[in-house]
Amino acid sequence: MIQQIFFLRHATAEDRLLAPVDADRALIDKGHRQTRAVARFCQRQTLLPARLLCSPLVRALETAVQFCDELPDCPRPQVVDWLKIDTPTVQALAGLRNQLATTDGPLWLVGHEPDLSLLISRLLGSEQPIVRIKKASLTCLELEPASSAPGRLLWSIPCALMG
């Protein structure tokens, strides 16, 4: 069975040089506007997660919660540690495969760079990064979880084009 996976990079957050702890960086006004734009785009395109997973870091959790609040019928986000920054790609792949085995419908992940790009690249069959995910962008892949064949990139849209 083919499944779709959506990757949403967290929206714009406080500057890392100004935050005392990176994990506590919160969204700024621009980030909240970006998240609303993504949710409106998804509503217009009838894109809705079956399951929404996110990193435990504040900026990713805020993005996921606001996205959910803005999008009717969106499931509440579930925090998973394998989406936090610097998780080895092999560990993230294992977490993703476990979730795919128990999810019917589109699985959505809210996380960080460069981890999302590394995960997407690996799912597309590359050991090296072949994509770069911008803040508040949405990327969709499809793959067959039971197969070792690479997935297929369906599309990737930066927030600025979601209008």
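Guide: Pockets are searched for on a 1 Å grid over the protein atoms alone, and a pocket is an open set of points with protein on both sides within 12 Å along at least five of seven lines; its lining residues have an atom within 4 Å of a point. Grid points are joined across faces, edges and corners, and the volume is the space filled by probe spheres set on the points. By that count, the largest pocket holds about 160 Å³ of space.

Before we go in, please note that this is a predicted model, where local features need pLDDT of at least 70, side-chain atom pairs count only at pLDDT 80 or more, and totals for chains, interfaces and linings use all residues. Residues are numbered from 1 along each chain as its sequence is written, and side-chain values use heavy atoms, with hydrogens and water left out.

Now to the lining. Around the largest pocket you will find Arg9, His10, Arg16, Asp22, Arg25, Arg59, Ile85, His112, Glu113 and Lys135. Seven of these lining residues are charged, two are polar and one is nonpolar. In this grouping Asp, Glu, Lys and Arg are charged; Ala, Val, Leu, Ile, Met, Phe, Trp, Tyr, Cys and Pro are nonpolar; and the others, Gly among them, are polar.

Let's settle on Asp22. It makes a salt bridge (a side-chain nitrogen of Lys or Arg within 4 Å of a carboxyl oxygen of Asp or Glu) with Arg25, and the closest N and O atoms are 2.8 Å apart. Asp22 itself is partly exposed, at 33% relative accessible area, while Arg25 is buried, at 4%. Here buried means under 20% relative accessible area, exposed over 50%, and partly exposed in between, using a 1.4 Å probe and protein chains only.

Asp22 has another partner, Arg59, with 3.1 Å between the closest N and O atoms of this salt bridge. That pair connects distant parts of the chain: Asp22 sits in the loop between β1 (3–9) and α1 (29–44), whereas Arg59 belongs to helix α2 (residues 58–70), 37 residues away. Helices (H or I, at least four residues) and strands (E, at least two) are DSSP runs, numbered from the N terminus. Arg59 is buried as well, with a relative accessible area of 2%.

Key:
1 Å grid on protein atoms, 1.4 Å probe; cavity = no way out; pocket = protein on both sides within 12 Å on 5 of 7 lines; lining within 4 Å.
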